[in-house]
Amino acid sequence: MKNNISRRNFLGKAAAAGAAGAVMPSLMNSCAPDGRMKNVIVPEFLDQAPDGPELKAGLIGCGGRGTGAAINFLSAGPNLKVTALGDVFTDRLNSCRERLKEQKDNEVADENCFIGFDAFQKVIDSGVDIVILATPPYFRPEHFAAAVEARKHIFMEKPVAVDPAGARSVMVTAKKAESMGLSVVTGTQRRHQRDYANTYAQVAAGAMGEIVSANCYWNQSKLWHRDPNADWTEMEYMIRDWVNWCWLSGDHIVEQHVHNLDVINWFTGKHPVQAVGFGSRHRRVTGDQFDNFSVDFVLDNGVHVHSMCRQIDGCENNVSEYIQGTLGSSNCQNAIVDLNGKEIWKYKYPLNDQGEETNNVKVSPYDQEHIDLVTAIRTDKPFNEAENTAISTMVGIMGRISSYTGKLVTWDEMMNSDLKLGPEVFEFGPVDIPKEIPVPGKAYKPNA
Amino acid sequence: MKRFWIIFIPGIILGILLVLGSNKAISLTSENDFCASCHIHPQATTSWKQSVHYITKSGDKTACVECHLPPKGQGHIPAKIRTGLRDVWGKWFKDPEEFNWEEKSRLENARKHVPESTCLYCHETLFTPELSREGEEAHLYYDQAEKTDDLHCINCHLNAGHYIEGYTHGGNESFGMLEEKPEIIYDEPAKVTSFDSFTEYIPGSSASFEMAAIPGGEFTMGSPEDEPFRDEDEGPQVKVEISPFFIGKAEVTWDEYLAFYAQTSGEGRTTDTEGSRSGPDADAISGATPPYGQPDQNWGMGDRPVISITHHAAETYCKWLRLVTGKNYRLPTEAEWEYACRAGTESPYFFEGDPEDFQRTGILAAIRKNDTTKINTFVVYQGNSPAKTQEPEAVKPNFFGLKNMPGNVAEFCSDWYSDSTYSMYPETGVIDPSGPPSGEEKVIRGGSFRDQAGNLRSAARDHTKTDQWLRTDPQIPKSKWWYSDCSHVGFRVVCEYDEKTGKKDNEE
């Protein structure tokens, strides 16, 4: 199956991605190395969303990131409110509610606080305009479908699925949202980060020639875990410890590394069509996941993308991307150098009070995402990046399955796989799923 | 000839009028009644009125030209002129009785009369809220797939514009259920004690079939380089020695296959894994799951050859047949197949005739008006089939007593396909060859109801096309039992001549 992501994503739409709500996208002329001039739209990000009638948001998943996303939303512009909360745990919901009140003076009424596995539907039906989906990613495809069914605009965290069936479901729902004119922003905040977006524009205009290879990394220390608690059922324990369980998080190659994989998809205008990965588990404390992956991805034009991710203390850390072109290379974030390492271009960060260049973009990308979402809604210029993020999520899943099984896994296999993780029944009790840690070379290869 | 010009010239003028003519003329000639005044082929109007494009929730009706001509601005007028001229020609010079409407309605041909742009012109979004899960997967496939001419909305929505009774593109759980209990149920398979043709009885069913004893011998496999329509993969010719075997006198019928299906089939999609139905009994065979769509194409079942079944399904059928009859049934090797088809002949067919004389299309064929009596006697092919399979009674057998080796349906063999299979064999000859050790697609042999004479030759080779034949199956994963897009391939069984079929220990 040939994919038209390259055609769809390159230049036009993808460049416009960052330009959600741009009032007047400016055209930048960049001289391509072969002498041709290519026009690339430089995203013009607003510092605040424009004013408009009140927009009410409902938050589904009141953990750390959900609460953070709600605060980012409330910071995006005037006349924004969070009016409903949903979670499976009362303590998480309450602490979120308190933080919104303390930090943003945003109060949520008792009757709009919902607890349980069905809380998402109640939040969606509570009269909100926007829903923020921030539960563990396992639940995302179902929640996204329900929100689009109810014609809500959506902010949802990455990744958007944990398995092929879920990723395809999000691709379909993304299309439905698009045809309904809904706006969807997906937590891949580098696409809303001004330095990245400007670097993308340079690369797309040909400043470093044709891309011939790419690398991406998310190597960090151990993440967090929760120890089991005698008062918790297995389901409660797993959800509280979710970043350590594959069915809930997709493993960290999907859960975290999707950011970097997404940047590579963005810059190359393609997605990998096959993967061969290594991975293993050395230091993980709980759950059933690996703590390191190394994957050789290949694009349909033969370009290799090497991806690495690790969550182990005391090792070299690095969270970044790197692309090599025929005329130079880029870190994708703020600089392009030629083949001798000489700087061709550098992003200019804002100056501080002393007139010195800072290291940070003017508006945090976490806020920018919500500014772009609210701007898209208020200017009636729908913006939808759900399909891109579903594709990047699927790439992570493809790398994970290859690493778990030790086999070559293709994009076509992913698009034809019925692998669906997680239990059949959702209630607080034992969780009936296999919990073995995968062994490459022996593990079951789904639908290959 | 004079009459020709008298009528043809007004046709040209009409064409020119259409080019230059007013919107009025265009719209008048685009009305449904105008279309129907010529298009009198069976049920064209009725089936349209029974279709979902006429009986709609909103009451909107889709006119003939809305599906059969590209939208305005997308080649509407040129297409209108082209089809208009063709239709005038057809109306005045051709006899509607002579048209093979059934063939023209088949998917491959229907695609030519329904520009896909017309579908997409109205159906702007492919992801509507009502879409089923399978519909979503299918549309996602369509959305991402490379756009080729054979990827068309009507691949799955063939009945959208004209109602087709019995057509289904959906799960078909009740397929193959017997309506009434048969009178005879065999409880014993045939006992074979000597190397003679025999009738096999499938225990627990009312199905039986004839097996012919094929004496061993030597023959030349492949075709000489000067044989008309020869493909490179038919050479170099190779001397082959074949041991005695039995082979089905006819292709496996629906009745036979449904006996297997009824006794082994899974109960739904979730059982589409090997062994799930068999439970702890390791000897039991887990058979096909219900099809998606209508595998018999509504052509009828009974003695017609089974179609739409995968190579895997055919092999599983043989495995099951081994279990219930106690004899070593299997698919033929490619060499056995050709040996059986040739039945001692070395000519392109086992009957007399030159493939070029039997080929029906082209100007030469029209001029020569060749005598096709011979081929019509022995083969169901494009020249005599109403675009579908026939029962074995329609033709005469070859010298081994085998019917329809060259036609009706193409047949699976057990070998992997390679275009250089024959050059792999030693020049000195080979005994009972079974093809390359591995490969991607399996060999199919013989032509089918839709093939022209060239593909019916004894030496002609072809192979399965798994991806293409599963294209419109929207299930994830796709069925391993039923091809959604292959209605021209079936198979026949071979039974080994061994101690279970009368071979004595001391016999060579």
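Visitor: What counts as a salt bridge here?

Guide: A salt bridge is a side-chain nitrogen of Lys or Arg within 4 Å of a carboxyl oxygen of Asp or Glu. The model is a predicted one.

Visitor: Why is the pair of B:Glu136 and A:Lys176 called a salt bridge?

Guide: The closest N and O atoms of B:Glu136 and A:Lys176 are 2.7 Å apart. The cut-off is 4 Å, so the pair qualifies.

Visitor: What makes this pair a link between two chains?

Guide: B:Glu136 belongs to helix α10 of chain B, residues 133-144, while A:Lys176 belongs to helix α6 of chain A, so the bridge joins two chains.

Visitor: How do you know whether B:Glu136 is buried or exposed?

Guide: Buried means under 20% relative accessible area. B:Glu136 has 10% relative accessibility, so B:Glu136 counts as buried. A:Lys176 also stands at 10%, and therefore counts as buried.

Visitor: Which other salt bridge involves B:Glu137?

Guide: B:Glu137 pairs with A:Arg168, with 2.6 Å between the closest N and O atoms. The count between chain A and chain B is three salt bridges.

Visitor: Why is B:Lys191 called exposed?

Guide: Exposed means over 50%. B:Lys191 has 70% relative accessibility, so B:Lys191 counts as exposed. B:Lys191 and B:Glu188 form a salt bridge, the closest N and O atoms being 3.6 Å apart.

Visitor: What makes B:Arg445 and B:Glu334 a tie between parts apart in sequence?

Guide: Their side chains meet in a salt bridge at 3.2 Å, N to O. B:Arg445 lies in strand β9 (residues 442-445) and B:Glu334 in helix α13 (residues 334-342), both of chain B, so the pair ties together parts that are 111 residues apart in sequence. Both residues are buried.

Visitor: Which residues do salt bridges with shared partners join into one network?

Guide: The network holds A:Arg168, A:Lys176, B:Arg133, B:Glu136 and B:Glu137.

Methods: Residues numbered from 1 in each chain as written. Chains lettered and ligands numbered in written order. Predicted model: local features only at pLDDT ≥ 70, side-chain atom pairs only at ≥ 80, totals over all residues. Heavy atoms only, no water. Helix = DSSP H or I, 4+ residues; strand = E, 2+ residues; numbered from the N terminus. Buried < 20%, exposed > 50% of the residue type's maximum accessible area, 1.4 Å probe, protein only.
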